[in-house]
Amino acid sequence: MVAASEKIANDPQILALLKDQSTDAAAKARWNQFLELVRIPSPSRQENLKAAEIHRRLVGEWGFTQAEVMTRADGTIPASDTNIVDGLPVYNACVVIKGSYSGRADAQQYKGQFPKVLVEGHIDVVNPEELPKTGDPSIRIKLQPYAQPVVATPEELAAIPEELSFDARGRVVENDRYATASKIFANAKEAEAGGGVRIYVPGYGDMMPSTSNAFVLAAAMKKHKIQPVYDIWICGTAGEEGKGNLAGMKQLYGFDQKAGTGSNPLNFVANFGLEGGGTVNFLGSYRFEMKFKAPVPRGSGSGPSAPEAMAAAIAKIADVKTPSELRDGAPRTTYTVGRASCEPPPAGRTIVPSCSLEVDMRSPRTETLDEIRKNIEPLFQAGASAENARYGRKDGGPEGITLELMWYGLRPAFVAESVDNIAVHAGLQSGIQLGVLTSPTVGTGSGSLNDNVPANTGIPTYQFTLASSAAGAGGHAFWEWGTRGTPAAEVERMHRVLTAALIVSGFHAADGTVVPPAIGPMGKRTREVAR
Amino acid sequence: MKRLLFSVAFLACVAATTPAFAQQSGNLRVDFQGPGGHSSGAYGRVSALHAAARAVILIQQSLPAGSYQITNLTGGNSVNSIASDGLIELKLTAANAAAYQKLVAAVTNLAAEGAAAENKFRGVKPGDLTSGAPATVRSAVTPF
């Protein structure tokens, strides 16, 4: 692997690609592409607008043929056995860098699928909560000098007069405000001193700069005729946030949540995520959406209230302390009631028919995840019972508040028992080769990432980032912002991702030799494909 | 006990100032604003939705039965985010204008109390910042 890494990292085709990406024009093109994509709203399970724009650019601008686009506008990947997740289509956007392997006489396949390496970053963002029903859905990108305090309310954010402009084709207008936003800084201190601005837009930190650059990398590989041995798929994935339930990865890996198994229908042999740095353990999570239903009103209309029952449940949950808050040394465990809503009363009435809450619980180990679930799950009923008791109503009876499970989400926890796998090796070796790592060690932390799915399907996975930000904060909040970082860092990160992916996939070098794939052609799976 | 005394005193106050002939009702919205953030990465920040729920329970424990009706409780933007916003909508009914204003004042105080309870639980106080943004959850009451 050391020799492969050295050969790939220094291959003239790779170096030409990187030189091409190191120009000011390329840096500007990357920056503009990010700004133009990040303003397209992409709530979880409603990523169709962003996926459609990526599909359009793949063929219209980035040099791919329609046959190289692996995902369809209707959310289908023909070879997957999991095209509907939680009852909805999956709006992934994937393109293939075609390898040579399928042309070999001795090529092996799994039910028609030759081996593939996946490089992916998600395209969904927590804000806005839903696509707007009418009007221009585009997000306004606001600019604020560092000298001013971070906005405290959505209204303050909306009132900022400085914002980027886009033309009718969705291209950023290169005016004075664009020039200000495009200033490059190494860090927040330099940005503050040098007239930098906070660029407020959902997805700046999580994680459109990295995902956008994945497609820059794909287009550059196509342009420079980088040929792997196994196919490399580069994907913008759906459903990583909110109630997305990792839908994009479930489609790609044929992952069945109820069974906890993945069929790996496309035969991926390794996975590289683009949301972080080197995580090998993955947080598990349980997510519930519970509905509190009010009884049909009788007489005066006085009776248990759905919002008060839900409030009682949330208030009880709000007082829960997690294992890591109760015991030194317990794995970091978290929860929140992330969202709540109520059904409007029928016209002319004031009784709320029902209310729903959504709660998230996370921990790196199943034991502590189950512990927090054991503490929180009974509180749904406790809220309903408390409200019923105020009116002397029986739980479960027709005259009391009743509970209904609307949705259940699961990210299986994954604790790596061994990091002796090809994705970790390639990830580390590429870092050592390029001087960003000094030793082949992995961190002990955990992340809740798309990688939960391949890890639990048996596919080796590792993460990088392709983003470069000088500063940023407010992830998942209305005040998410960032400031542009150095373009050189983006190019360095492309170099590493390319090197790692090609180590695994194999690579046709400029000198005519072939770096063989570092892993066999049959991806792992925990269930056979059902198609 | 303190809350019970408040409730009893409040009931007495409403009863003492309530002519039977001038019932007044109206709708209030109680907004809660907090910093929000990633449910895991920003864990430990206050939740505007948790604060709103705490406030609903305080209202329930303090206002006379029949004087209020919660018509909406909402907040947050995704299951995996700490809610930066919370909203209670409620209808108040009082025997007269003065009693109604007392109800409004009580809801305003109880909303602030709910926010304060959430801030206390998470150990933040007014003026604290989290990544540059106000760290506390705040409440505001407006008629609609």
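The largest cavity has a volume of about 110 Å³, where a cavity is a set of points, on a 1 Å grid over the protein atoms alone, at which a 1.4 Å probe fits but cannot get out, lining residues having an atom within 4 Å of a point; grid points are joined across faces, edges and corners, and a volume is the space filled by probe spheres set on the points. Of the 13 residues that line the largest cavity, those closest to its centre are A:Trp31, A:Phe34, A:Ser468, A:Arg484 and A:Glu490.

This is a predicted model, in which local features need pLDDT of at least 70 and side-chain atom pairs count only at pLDDT 80 or more, while totals for chains, interfaces and linings use all residues. Residues are numbered from 1 along each chain as its sequence is written, chains are lettered from A and ligands numbered from 1 in the order in which they are written, and side-chain values use heavy atoms, with hydrogens and water left out.

The second largest cavity holds about 50 Å³ of space, and residues of both chains line it, among them A:Tyr335, A:Thr336, B:Tyr43 and B:His50.

Where the chains touch, 46 residues of chain B are in contact with 54 residues of chain A, contact meaning heavy atoms within 4.5 Å. Between them the two chains bury about 3800 Å², this being the accessible area (1.4 Å probe) that two parts lose on being put together, summed over both. In chain B, B:Tyr43, B:Asn77 and B:Val79 lose the most area to chain A.

The chains are also joined by 2 salt bridges, each a side-chain nitrogen of Lys or Arg within 4 Å of a carboxyl oxygen of Asp or Glu. B:Arg54 forms a salt bridge with A:Asp319, the closest N and O atoms being 2.8 Å apart.

Methods. On a 1 Å grid over the protein atoms alone, a cavity is a set of points where a 1.4 Å probe fits but cannot get out, and a pocket is an open set with protein on both sides within 12 Å along at least five of seven lines; lining residues have an atom within 4 Å of a point.
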